[in-house]
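Subject: Structure for your review

Dear colleague,

Please find below the structure that I am handing over to you. My notes on what was found in it follow directly after.

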Amino acid sequence: MAYLGKYHVVALTEKRKFNNKKVENGMLNLKKTALAVLALSSSAVFAGTMGPVCSAVNVTVPCETTAWDFGGKALYLQPTLNGNSATMSRTLTNGAGDTLATFGQNPPYSWGFFLEGSYHFNTGNDLNLNWYEVNRSTNKTFATAIPDTSGPLNIDATYGAGTVNLNPNWNAVNLELGQHVDFGEGKSIRFHGGAQYARLTSSSTFTVAGTDAAATTFSTVVTAKPTYNGFGPRVGADMVYGWGNGLGIYANGAAALLAGSSKFTNNYSAVRSAAPATVNFSVTGSSTMVVPVLDAKLGATYTYAMAQGDLTLDAGWMWVNYFNVQQSTVTGLSPANNDFGLQGPFVGLKWMGNIV
């Protein structure tokens with residue numbers, strides 16, 4: 001064994017001490033790292049694992065395009081009218097104000113149509129013109145025998161058959177400027193604003209015939225014709241969710257505020273085969289009214305891509321209501337304001353073709 005010397009032995013001893021210190025420091029650092037990992041793992045156990053990271057969906061508009069579309073729908077709507085002058089309901093009263101009988105029936109569903117055409121331009125803009133129309137005359141006969149000791153001519157009488165004729169008419173023309181906006185894949189909203197012109201009438205005629213105590217025949221006719229013509233701003237939104245493969249569902253809503261003229265003409269006449277022969281009077285009125293309007297649709301579409309454009313089948317249900325829009329009076333001189341509404345199903349087709 002070679003002799004290293006005293007100084008060599010001291011140096012070797014110090015080197016071993018330094019190496020042992022490095023090992024101890026390394027073990028200490030390893031323990032600290034293990035404790036940190038263990039602490040993080042424990043936090044994950046107690047707090048739960050990290051959920052999916054959400055990112056904001058980009059709101060975009062379509063690329064610039066130019067196109068035309070034309071469409072039509074068949075409407076099958078039921079008028080929802082209130083007020084005696086606007087429904088197929090009548091209440092017979094005698095001169096003392098006693099109720100003799102009430103004839104009542106909800107207005108039936110009526111066929112109508114919807115036509116529209118649009119010009120699409122820029123990045124998701126469109127100019128749309130559309131027209132709604134419902135017009136149908138309906139008759140209902142009530143066979144009854146009602147005694148009246150003080151009828152419309154202050155005579156003892158018995159009413160026989162009664163007939164109600166109702167002719168609600170709705171015409172509305174909308175001019176809309178729209179903006180299509182996409183909210184991610186399959187979801188979009190078309191915001192639109194414009195104007196509406198509406199004409200509403202609900203003419204009704206009530207006829208009842210009878211015989212008085214002297215066997216004299218008579219007939220009584222009451223007619224009412226409230227009419228409203230209004231124009232004003234209209235705004236709305238058409239929300240669409242696409243399921244893919246051409247299928248989609250939608251919910252549309254719009255509100256308008258119309259200013260216009262509300263008129264009514266009510267006539268009452270009674271004709272007897274003996275004196276007094278006739279009794280006639282009429283009540284008319286007119287005023288300017290501001291009318292709020294709400295309309296909504298729920299439906300589904302299927303779009304078929306063709307070589308010369310897209311063909312869309314559309315079906316759903318719609319609701320429309322004009323608030324306090326029509327004035328009328330039958331038995332008194334003070335007019336009452338009545339709502340005019342419609343609701344029911346529809347089905348239609350629309351074709352859209354791009355312009356190269």
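In this predicted model, the side chains of Glu 176 and Arg 190 form a salt bridge, with N and O 3.1 Å apart. A salt bridge here is a side-chain nitrogen of Lys or Arg within 4 Å of a carboxyl oxygen of Asp or Glu. Because Glu 176 belongs to strand 9 (residues 157-183) and Arg 190 to strand 10 (residues 187-212), the pair ties together parts that are 14 residues apart in sequence. Glu 176 is buried, at a relative accessible area of 8%, and Arg 190 is buried as well, at 15%. Buried means under 20% relative accessible area, exposed over 50%, and partly exposed in between (1.4 Å probe, protein chains only).

Two conventions apply throughout. Residues are numbered from 1 along each chain as its sequence is written, and side-chain values use heavy atoms, with hydrogens and water left out. As the model is predicted, local features need pLDDT of at least 70 and side-chain atom pairs count only at pLDDT 80 or more, whereas totals for chains, interfaces and linings use all residues.

Glu 176 has a salt bridge with Arg 234 too, where the closest N and O atoms are 2.6 Å apart. Since Arg 234 lies in strand 11 (residues 217-244) and Glu 176 in strand 9, this pair ties together parts that are 58 residues apart in sequence. Arg 234 is buried, like Glu 176.

Arg 234 also meets the side chain of Asp 295 in a salt bridge (3.3 Å, N to O). This pair links distant parts of the chain, with Asp 295 in strand 13 (residues 278-306) and Arg 234 in strand 11, 61 residues apart. Through shared partners, salt bridges join Asp 126, Glu 176, Arg 190, Arg 234, Asp 238 and Asp 295 into one network. The structure holds 7 salt bridges.

Another residue to look at is Asn 321, in strand 14 (residues 309-328). Asn 321 counts as buried, at 17% relative accessibility. Leaving aside neighbours within four places in sequence, Asn 321 is in contact (heavy atoms within 4.5 Å) with residues including Pro 292, Leu 294, Asp 339 and Phe 340.

As for the whole protein chain, there are 1 helix and 15 strands. Helices (H or I, at least four residues) and strands (E, at least two) are DSSP runs, numbered from the N terminus. Of the 356 residues in the protein chain, 37% are buried.

Yours sincerely
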